[in-house]
Amino acid sequence: STRKESSAASDVYKRQGQTNMDYVLTGTLVATPRGVKINSRVVSVNDNSVIAAASTFVPRGLLAQMQP
């Protein structure tokens, strides 16, 4: 799934003719009863390779503190 998402993200920019970009930041947010899981990737537009990836979890209590 990660490879498909990465490829889809960079392909969109290629089709739009935006050749001035080398990388695309893409990712997902997954809401759970306990909080939100965040997955992110930096993908090369040229060859769809994942340059960097990170994942973290934000607990529900912290989210409640951040909302106005």
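The model is predicted. S2 also runs antiparallel to S3, through 9 bridges. Together the strands form an open sheet of 3, in the order S1-S2-S3.

**Sheet layout**

- The pairing in this sheet is antiparallel.
- S1 and S3 are the edge strands; each has a single partner, so one side of each lacks a neighbour in the sheet.
- From one strand to the next, the twist averages 15 degrees.

**Strands and hairpins**

- S1 covers residues 23-32.
- S2 covers residues 35-44.
- S3 covers residues 50-59.
- S1 and S2 make a hairpin with 2 residues between them.
- S2 and S3 make a hairpin too, with 5 residues between them.
- In the turn of the S2-S3 hairpin, Asn-48 has a positive phi of about 65 degrees.

- Arg-41 is the bridge partner, in S2, of Thr-26.
- Arg-41 also stands opposite Ala-53 in S3.
- Ile-38 stands opposite Thr-56 in S3.
- In a regular strand, side chains alternate between the two faces of the sheet.

**Asn-39**

- Asn-39 sits in strand S2.
- The side chain of Asn-39 makes a polar contact of 2.8 Å with the side chain of Ser-55.
- Leaving out residues up to four places away in sequence, Asn-39 touches Thr-26, Gly-27, Thr-28, Ala-54 and Ser-55.

**Thr-28**

- Thr-28 lies in strand S1.
- Thr-28 and Arg-41 are 13 residues apart in sequence; their C-alpha atoms are 9.2 Å apart in space.

**Points to check on the structure**

- Which residue of S3 stands opposite Arg-41? Ala-53 does.
- Which side chain does that of Asn-39 join in a polar contact of 2.8 Å? The side chain of Ser-55.
- How many residues lie between S1 and S2 in their hairpin? There are 2.

Methods. Residues numbered from 1 in each chain as written. Predicted model: local features only at pLDDT ≥ 70, side-chain atom pairs only at ≥ 80, totals over all residues. Heavy atoms only, no water. Helix = DSSP H or I, 4+ residues; strand = E, 2+ residues; numbered from the N terminus. Polar contact = N/O pair within 3.5 Å; in protein donor to acceptor, adjacent residues only side chain to side chain. Contact = heavy atoms within 4.5 Å. Pairing = 2+ DSSP bridges. Axes fitted to C-alpha atoms, helices over the stretch in contact; angles between N-to-C directions.
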